[in-house]
Amino acid sequence: MWAELLPVGRSAASGGYRRFAWNSADAECRAWFEQQARDRGLTYELDRNGNQWAWLGDPHGEGAVVTGSHLDSVPDGGAFDGPLGVVSSFAALDELRSRGAGFSKPLAIVNFGDEEGARFGVACIGSRLTAGVLSREAAYELRDADGLRLPDAMEKAGYDPTALGADEERLGRIGAFVELHVEQGRYLAEGQPVGVAGAIWPHGRWRFDFHGEANHAGTTRIEDRRDPMLTYANTVLAARKKAKLAGALATFGKVAVEPNGTNAIASLVRGWLDSRAADERTLTELVAEIERAAAERGGRDGVRVELTRESYTPVVDFDGPLRDRLAKLLDAPVLPTGAGHDAGILASAIPTAMLFVRNPTGVSHSPAEHAEVADCLAGVAALADVLEDLACQ
């Protein structure tokens, strides 16, 4: 399975992946998922929000145990973030069948669409829609860098977007969701190959618009310029400093410039801030401080600054009894994480838990992302044990 997925959407130049929602690489991944389901005699289903499901047992039964993750990527992302969870889910089912496990509850494997938010700017779109965290109306307004709306991209890819929205009936049939994921950090680096997630830090994305004045780079005196690039650059540095002082995280990882000419002073710089902290108060205060720093510098540069919050996820505490049950079953450590996941979105609606597989370097969202084969197999065995405990009693 891993070998089949490895070349899909991979850039020859960077070695990273460009599996964005509803593009051709995403279509290949979706076709792969459907084939894996059919090869195992599972009931394949596409839900109203474009998420893929593979069912063992009655898809309409109660108390279903669900596992899975996502197959899309960030720009030039790594091979493990998302796909490891999906591949491990199919492998865990194979393992349980080889054990002769008898299932007492329906079991499903899911591929949630557009988890990374690389194309439309909002993470976990598939699970957000399902849980009602993202409304149909808001989803219809999402556009990619070319101005194409989300529903139009779905239609272009052959899917019907008219039914997008909350799927309470489906969630009501799920008793537990367990997502396996490569660790995005190094808590496990010197310890066990598999851990259990405790909580997800609150996090969000904010867009800063720096409005200046376009002018000629070769004829405009320094003192006559209203250069938004200066304000943006200062804001990036201020974000780093303030985040470090707060014990939090702040990253400007995406920027767009207009008119984007080498010999032109920009009229507009747009920078997207990703910020995370251990608690919501710290995060709120940090973003406010970054905004104040931007406005203060903008006042000196003659640049107007606007801030728009594009997404926000409060702190997620995974279901306590389920978390403790898994940690005891696997004799595994409980870890914090600063990364968002579909499991975090669903945690407000159903009992959810996460397993992390050791990442020796801690690098993620990069072609250098890695997990050893032995650790991946340990993850499959752990997931199989968990699914057996939850679905075979």
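## A first look at the protein chain

For 393 residues, a compact globule would have a radius of gyration near 21 Å, and the 22 Å of the protein chain agrees with that. This radius is taken over C-alpha atoms, and the globule rule is 2.2 Å times the number of residues to the power 0.38. This is a predicted model, in which local features need pLDDT of at least 70, side-chain atom pairs count only at pLDDT 80 or more, and totals for chains, interfaces and linings use all residues. Residues are numbered from 1 along each chain as its sequence is written, and side-chain values use heavy atoms, leaving out hydrogens and water.

Along its principal axes, the C-alpha trace spans about 80 × 45 × 40 Å. The protein chain holds 12 helices and 15 strands (DSSP runs, numbered from the N terminus: helices are H or I with at least four residues, strands E with at least two). Of its 393 residues, 53% count as buried, meaning under 20% relative accessible area with a 1.4 Å probe, protein chains only.

| Partner of β7 | Residues | Bridges | Sense |
|---|---|---|---|
| β11 | residues 268-276 | 9 bridges | antiparallel |
| β12 | residues 304-313 | 9 bridges | antiparallel |

You can find these pairings in the model through facing residues: aspartate 209 stands opposite arginine 270 in β11, while histidine 211 stands opposite arginine 304 in β12.

Key
Buried < 20%, exposed > 50% of the residue type's maximum accessible area, 1.4 Å probe, protein only. Pairing = 2+ DSSP bridges.
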